[in-house]
Amino acid sequence: MMDRYCIRKCIFSVLFCLGLVACASAQEFRFTTSVSNNNVTQDEPFQIQFMLENGVNVASFTPPSFKDFDVLQGPSQMQGQSIFNGKRSEYIALSYLLQAKHVGSFTIAGAQARVNGNIVKSNPVLIEVKKGNGQAQQQQQQQTQQPSAGLQPHRGQQGNADDLPEGVLKKGEDINEKLRKNIFLKVDVDKTNLYEGEQLTATYKLFTRLPTNSSVTKVPAFKGFSAKDIELPNPPQATEERVNGIPYKVFTIRKTLLFPFQSGKLDLDPVEVDNQVRLVKMVSSKHGGGKAKDPFDDIFNDPSFKDPFFDDFFNRPEVEYQDVPYKIQSNPITINVKPVPIEGRPTSYNGAVGRFNMTATVDKNKLTTDDALTLKVTIGGQGNVNLLNPPKIEIPSGFEKYDPKVTDDIEKNSNPLSGSRTFEYVLMPQEAGDHTIPAVEFSYFDPAANSYKTMRSQPFVIHITQGKHIKQDKQDFGVAKNELVKNDTGILNWTKNHSWFILSPWFYVLLLLPLLIAAGIIVYKRRKNYNTTNAALLKHRYANKVALKRLELAARYLKDGKEKAFYEETSRAVWGYLSNKLKIPMADLSKQLVQDKLAARRINGSNASELFELIANCEVALYAPAQNHKMQGTYEQAVHIISNLEDALKN
């Protein structure tokens, strides 16, 4: 009978705790089972935990049967919430301390709960039990004498102040020193010396031993790098790492793949995080040591609920909470970027760094002059796949070539970055006959081997026949190909009918001709004066026309609300404009070279700074999705900057 009362009290207590999260704004719901050890000895206790995350409208909870195990302690309950970057996660954890009765393999079924009207189950776990020893038995006795981590000591017991968790502020303890020791940021990079275009992985981590609500307030701009973020779980999942032997909960804030596109010393800017740390102060009872009234006494007045577990859960000591703001930032890291070697560089090298393979195919080798031919070149592997430039294609004079269509197939969250980029060239045959497209050549730099590698395809022989549309031959003006018109020696028709010239329309046309010339001169002078007076406005309009022509595709993406495609096309338009206007090949294009070219033309100051600020903003928008970006403002800024550069370069 007493066992039934105990079970009833435990389950009722658990249901009350689970109901506390019914109003919480949930994120992703999860119900999981975990154990401290899947391989135990018969006399070795182990812990099993059932965790319910972001549960809404929890109505019941049923633990599994522990028929092959003895329950030494439990259920002990732990409840809390975490808020990271504005995302809140609620959780309830129920733990049992078990010990196996027999040797063998046992499967503990998952727990069952009713959430939002639906029955959900956690995952089962497999336990391998082996024969025990005396040391494990002694360890069991010590663990059964200690209270579990989820419970407070019984009334009448005294806890050691040194054993209090880190979230408790002890008497006389310095808050700033406590925060400095228990919360900090760290940046892990897999290398600090690398080549241009070689991948660098930067991982930003938050280490904490205190309960905190954290929000990232500043992300690094990664100036001088092309960045690609790896998607992280949301809400963030904590792991455990030890620093100087002390365990910390670790949250990965950001993990980014970086590709430097210029040499020299580049700095990784720090990341800033605002924390609201909740500390607990232990205070004495207001009743002078007497027993404080339990607010739940009126609800649970049944004598069957008078047991130590129930008292521990509802009669905790009075505490006082203190929320402390604490801003932290990581240390900047300097990266040494080396230029790729000049010695031994192939002529077909255009900036690829990593390990790649190449295939080149044509969709047909027999066609007519009315058809089109597609040459597809696919480059795949590991490295800066998203930055690959099209290989140089030598096309015979019998074809008309168009700019390639570029398609990316990047493996999600791959590290190192892996995938492929495909270039599709459309070729229009102009002449019938047999034509040979030379072999496609592609070169890349392998930083692991510290050498260049070159790949070549086979040449393509294309047989072209004449189509229905016949190309008009040029007219032959050779000897004997044309005859002169025979001279007529008779009286011409226009001389036969003689009339007065004053009655001819030509008389009036010639009469009005001076007036028309005078009017044209006046219009010309007024137009010239207008142009002189409004030269700046006309130049601005012309520059806007050039900018809008280059940003036409970006404007369509802006209209469709495609943010990533908009910033990618805006960045390509700016770099393409700089490449064409300053006559710099795309393979050699870098921030430093652009600065030198602009400085040589005495273009610096706000023009140059605004240009590189625009490029940096595009990179941040592409690789920092947590920020709020204004595409319309970026579009207007791009038009304004290109207009100013167009004006400066003309002068």
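Analyst: A definition comes first: helices (H or I, at least four residues) and strands (E, at least two) are DSSP runs, numbered from the N terminus. The model is predicted, so local features need pLDDT of at least 70 and side-chain atom pairs count only at pLDDT 80 or more, while totals for chains, interfaces and linings use all residues. Residues are numbered from 1 along each chain as its sequence is written, and side-chain values use heavy atoms, with hydrogens and water left out. By the DSSP rule, the protein has 11 helices and 32 strands. Pro-416 lies in the loop between β27 (405–410) and β28 (418–429).

User: What is the peptide bond from Asn-415 to Pro-416, cis or trans?

Analyst: That bond is cis, with omega near 5°.

User: Where do Phe-222 and Asn-450 lie?

Analyst: Phe-222 is in the loop between β15 (212–218) and β16 (225–229). Asn-450 is in the loop between β30 (441–446) and β31 (451–456).

User: Why is Phe-222 called buried?

Analyst: Buried means under 20% relative accessible area, exposed over 50%, and partly exposed in between (1.4 Å probe, protein chains only). Phe-222 has a relative accessible area of 2%, and therefore counts as buried.

User: Which term applies to Asn-450, and what makes Leu-206 buried?

Analyst: Asn-450 has 45% relative accessibility, so it counts as partly exposed. Leu-206 is buried because its relative accessible area is 1%. Leu-206 belongs to strand β14 (residues 200–208). Its C-alpha atom is 6.7 Å from that of Ile-253, which is 47 residues away along the chain. Of the 651 residues of the protein, 37% count as buried.

User: Why are helices α7 and α8 described as antiparallel?

Analyst: Two packed helices are described by the angle between their axes and the distance between the axes. Axes are lines fitted to C-alpha atoms, for helices over the stretch in contact, and angles run from 0 to 180 degrees between N-to-C directions. The axes of α7 (residues 552–560) and α8 (residues 563–581) come within 8 Å and cross at roughly 165°. Angles under 35 degrees count as roughly parallel, over 145 as roughly antiparallel, 65 to 115 as roughly perpendicular and the rest as oblique. The pair α7 and α8 is therefore roughly antiparallel.

User: Which residues of α7 and α8 make the contact?

Analyst: Contact means heavy atoms within 4.5 Å. Leu-553, Ala-554, Tyr-557 and Leu-558 of α7 meet Ala-565, Phe-566, Glu-569 and Thr-570 of α8. Ala, Val, Leu, Ile, Met, Phe, Trp, Tyr, Cys and Pro count as nonpolar, Asp, Glu, Lys and Arg as charged, and the others, Gly among them, as polar. This contact of α7 with α8 has six nonpolar, one polar and one charged residues.

User: How do you know the relation of α8 to α10?

Analyst: The axes of α8 and α10 (residues 606–623) come within 9 Å and cross at roughly 150°. The angle makes α8 roughly antiparallel to α10. Residues in the contact include Val-574, Trp-575 and Leu-578 of α8 and Leu-611, Leu-614 and Ile-615 of α10. The contact of α8 with α10 divides into 10 nonpolar, two polar and two charged residues.
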